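Thanks for coming. I will go through one structure, strand by strand and then on to a helix, so please keep it on your screens.

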Amino acid sequence: MSVDLDIVAALTGPGYLVVPNFLDANHLAQLNELFSSRESDFVAAGVGRAAAQQVRQDIRGDAVLWVENDDPAMLQANQRMRDLQQTLNRELYLGLDELEWHFACYPAGSFYQRHLDQHRHQDSRVVTVVQYLNQNWHEDDGGQLRIYLDDEQTLDVTPYGGTLVVFLSNRFEHEVLPARRERRSLTGWYRRRP
């Protein structure tokens, strides 16, 4: 797909890309239906890893549901991401082994402070992918993803439904600004073996 090659070019250049309408309306609706049907299974997101992990609402206020790669309702999304993984490995020799991802739900007013997607002393997360599931979103609904670029300028991405954001996990700090209504995404990381 040409979008995949656009992503390859972006990752070797500026290191990020925003792709509007990556998800078509039908797929967006299906993912939202699955999201809504599983909302009671979401858990408060934590910060840190393993025994050091803790819930810190002052740092991040989202709830998450980890997605299994063989979940039947996720077949289309998983296949699309596997295709992108193959392209990234073929073109960039990244050695991506798996995609870990989760649904993320930010209630109105919640946020996630500035952070990097790689855990301290680990480089297994290589590429971050975010697919926005918000239907009928308006810019003044807030919830922008603020990416801190190499020159300390920022790029604010409004989380319009269907949009994909891809960036190098070890390169760009980012944050989620408060939203005025529930904000939904399918967020993940292509990983290589540690």
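**A covered strand, its partners, and a helix**

Let me begin with strand β4, residues 98–106, which is mostly covered, with 8 of its 9 residues buried. Keep in mind throughout that this is a predicted model.

Which strands pair with β4? One is strand β3, residues 63–67, which runs antiparallel to β4 and is joined to it by 5 bridges. If you want a place to look, find L65, whose bridge partner in β4 is F103. Another partner of β4 is strand β11, residues 183–191, again in the antiparallel sense, this time over 9 bridges. Here you can look at C105, which stands opposite R184 in β11.

For those new to this, a general point: strands in a sheet pair through backbone hydrogen bonds, and the pairing can be parallel or antiparallel.

Now the helix. Helix α2 covers residues 25–37, so that is 13 residues. From its first C-alpha to its last it reaches 18 Å, close to the 18 Å expected at 1.5 Å a residue. At the start of α2, a side-chain oxygen of D24 comes to within 3.1 Å of the backbone nitrogen of N26.

Which residues of α2 are buried? They are H27, L28, L31, N32, L34 and F35. Why do they end up on the same side of α2? Because they cover an arc of only 160° around the axis. On the other side of α2, the exposed residues are A25, N26, E33 and S37.

And what do the buried residues of α2 pack against? Their contacts are α3 (75–92), β4, β6 (125–132) and β11. Two of these names have come up already: β4, the mostly covered strand, and β11, which pairs with β4.

Last, a separate topic: an open sheet. It has 4 strands in the order β5-β10-β7-β8, and the pairing is antiparallel. At the edges stand β5 (112–115) and β8 (154–157); each has a single partner strand, so one side of each is left without a neighbour in the sheet. From one strand to the next, the twist averages 15°.

Within that sheet, take strand β7, residues 145–148. Strands β7 and β8 run antiparallel and are joined by 4 bridges. To find the pairing on your screen, look for L145, which stands opposite V157 in β8.

That is what I have, and I will take questions now.

How values were computed. Residues numbered from 1 in each chain as written. Predicted model: local features only at pLDDT ≥ 70, side-chain atom pairs only at ≥ 80, totals over all residues. Heavy atoms only, no water. Pairing = 2+ DSSP bridges. Helix = DSSP H or I, 4+ residues; strand = E, 2+ residues; numbered from the N terminus. Axes fitted to C-alpha atoms, helices over the stretch in contact; angles between N-to-C directions. Buried < 20%, exposed > 50% of the residue type's maximum accessible area, 1.4 Å probe, protein only. Expected span 1.5 Å × (residues − 1). Arc of directions from axis to C-beta. Contact = heavy atoms within 4.5 Å. Polar contact = N/O pair within 3.5 Å; in protein donor to acceptor, adjacent residues only side chain to side chain.
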